[in-house]
Amino acid sequence: MKQFFDGQWPDTILFDLDGTLVDSAPDLAAAIDAMLEGLGRPPAGADKVRQWVGNGAGILVRRALADRFDHENGPALSDADFHDAQTLFFKAYADLNGGLSRVYDGVEPFLKAAKAAGGRLAVVTNKPTAFTGPLLEKMNLAHWFDVAISGDTLPVKKPDPAQLHHAIEQLDGDAGRTLMVGDSINDIEAAQRAGVPVVAVRYGYNYGGRIDEMGADIVVDSLVELL
């Protein structure tokens with residue numbers, strides 16, 4: 001971070017949630033499989049779901065129904081069938097959210113150091129609001145954050161930069177003193193379009209691609225490397 005902020009901590013730090021702060025894929029996979037079971041379909045399994053996470057619940061459901069990342073090239077899906085499937089998923093995930101998830105190593109030491117340095121922290125996620133707050137609470141992370149911007153807070157999601165701009169405004173911050181931390185190309189593109197530097201973590205969900213090749217300013221194996 002020294003190369004961006006003259007040796008000082010950024011005033012504002014924005015964090016993705018799933019795959020960056022919390023490994024939530026086990027819960028998401030269990031909820032997707034419960035949805036598929038309710039529809040009389042075979043389970044997808046955690047390995048596939050890890051590669052489908054990142055664009056919000058609706059796209060995750062569509063990928064699961066198509067059994068492929070590029071769901072647009074799968075079988076045609078009626079609005080009614082999608083609605084029924086998403087309802088099953090939401091019900092299952094509401095019960096499972098946070099049950100099998102865990103906070104990644106290195107996250108809490110970094111959050112503690114950022115707060116001690118006077119940083120204003122926000123979560124910026126494509127996850128629906130109904131699940132963002134409960135997951136942060138169950139993971140005992142909510143107290144670190146001043147703001148949480150979810151996938152339905154605005155009409156658009158990452159990689160659109162509007163969520164980042166909104167978080168910065170809510171924190172009374174300045175893009176020139178802001179850092180984004182994420183795990184996927186969505187986070188990197190959103191940060192670049194918002195005009196803020198971005199740190200990417202290698203341990204998260206990036207649709208199976210190598211995050212090192214996606215254009216982040218810094219790529220780390222653990223957030224403690226930034227300390």
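Predicted model: local features only at pLDDT ≥ 70, side-chain atom pairs only at ≥ 80, totals over all residues.
Which residues of H9 are buried? The legends below take up this question after a view of the whole chain.

Figure 1. Residues are numbered from 1 along each chain as its sequence is written, and side-chain values use heavy atoms, with hydrogens and water left out. Helices (H or I, at least four residues) and strands (E, at least two) are DSSP runs, numbered from the N terminus. Along the principal axes, the C-alpha atoms fill a box of roughly 55 × 30 × 30 Å. Of the 227 residues, 50% are buried (under 20% relative accessible area, with a 1.4 Å probe and protein chains only).

**Figure 2. Helix H9 and its surroundings.** Helix H9 covers residues 185-194, and seven of its 10 residues are buried, so the helix is largely enclosed by the rest of the structure. The buried residues are Ile-185, Asn-186, Asp-187, Ile-188, Ala-190, Ala-191 and Ala-194. They pack against helix H8 (162-170), strand E6 (178-182) and strand E7 (198-201). Just after H9 comes Gly-195, with a positive phi of about 80°.

**Figure 3. Asn-126 in the loop between strand E4 and helix H7.** Strand E4 spans 120-124 and helix H7 spans 129-138. Is Asn-126 buried or exposed? Asn-126 has a relative accessible area of 4%, so it counts as buried. Leaving aside neighbours within four places in sequence, Asn-126 is in contact (heavy atoms within 4.5 Å) with eight residues named here: Gly-54, Asn-55, Gly-56, Gly-151, Lys-157, Lys-158, Gln-163 and Asn-186. Asn-186 is also one of the buried residues of H9.

**Figure 4. Two reaches of the Asn-126 side chain to backbone atoms.** The side chain of Asn-126 lies 3.0 Å from the backbone oxygen of Gly-54. The backbone nitrogen of Lys-158 is reached by the Asn-126 side chain at 3.1 Å. Gly-54 and Lys-158 are both among the contacts of Asn-126.

Key. Polar contact = N/O pair within 3.5 Å; in protein donor to acceptor, adjacent residues only side chain to side chain.
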